[in-house]
Amino acid sequence: GFYKDAYDPRFSAVIQAFHAQDKWIATICVAALTLGKAGLLEGRRATTYDHPTSIRKKQLREFGAIVVDEQVVVDGNLITSCNPATAFEVAFTLLEKLTTRENTLHVKDLMGFAEK
């Protein structure tokens, strides 16, 4: 299942290697828990699945994260989000970090996400 693979030490090692190289790491929904398991969220702002019945925010706190109630959270080189509906916002946030705001606005326009 998800947690067996997501919490695998080999996967944590990949995440840690990316982090050590200061590469951007973006997660959507519960994938933020993999960052916690890899030890990257201690004292850092993050979010995860936000449904009122979900235990995921509690789990994120147990990894030392400062859990905030925002759709998308950027803390250093980490991007986390609160549910699957944020996928495009995460993608555009990452694109802007990797390129430019102007490029991101251009891509959004081409994709029909133009800001009005």
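Contact means heavy atoms within 4.5 Å. I noted that this is a predicted model, where local features need pLDDT of at least 70, side-chain atom pairs count only at pLDDT 80 or more, and totals for chains, interfaces and linings use all residues. Residues are numbered from 1 along each chain as its sequence is written, and side-chain values use heavy atoms, with hydrogens and water left out.

Entry on the core. I looked up leucine 35 and, not counting residues up to four places away in sequence, found that Leu35 touches Ile15, Ile25, Thr27, Leu40, Leu41, Leu78 and Thr80. Leu35, Leu40, Leu41 and Leu60 have the most contacts inside the largest nonpolar core, which has 15 residues. Such a core is a set of buried Ala, Val, Leu, Ile, Met, Phe, Trp, Tyr and Cys residues joined through side-chain atoms within 4.5 Å; buried means under 20% relative accessible area, with a 1.4 Å probe and protein chains only.

Strands (E, at least two residues) are DSSP runs, as are helices (H or I, at least four), numbered from the N terminus. I found β4 (residues 72-75) and β5 (residues 78-81) running antiparallel, joined by 4 bridges. Aspartate 75 has leucine 78 in β5 as its bridge partner. Glycine 76, in this hairpin, takes a positive phi near 65°.

Entry on α5. I checked the buried residues of this helix and got Val90, Phe92 and Thr93. They lie on the same side of α5, because they cover an arc of only 165° around the axis, taken from the directions from the helix axis to the C-beta atoms. The buried residues of α5 pack against β1 (25-26), β4, β5 and α6 (101-110).

Conventions
Buried means under 20% relative accessible area, exposed over 50%, partly exposed in between (1.4 Å probe, protein chains only). Two strands pair if DSSP finds at least two bridges between them.
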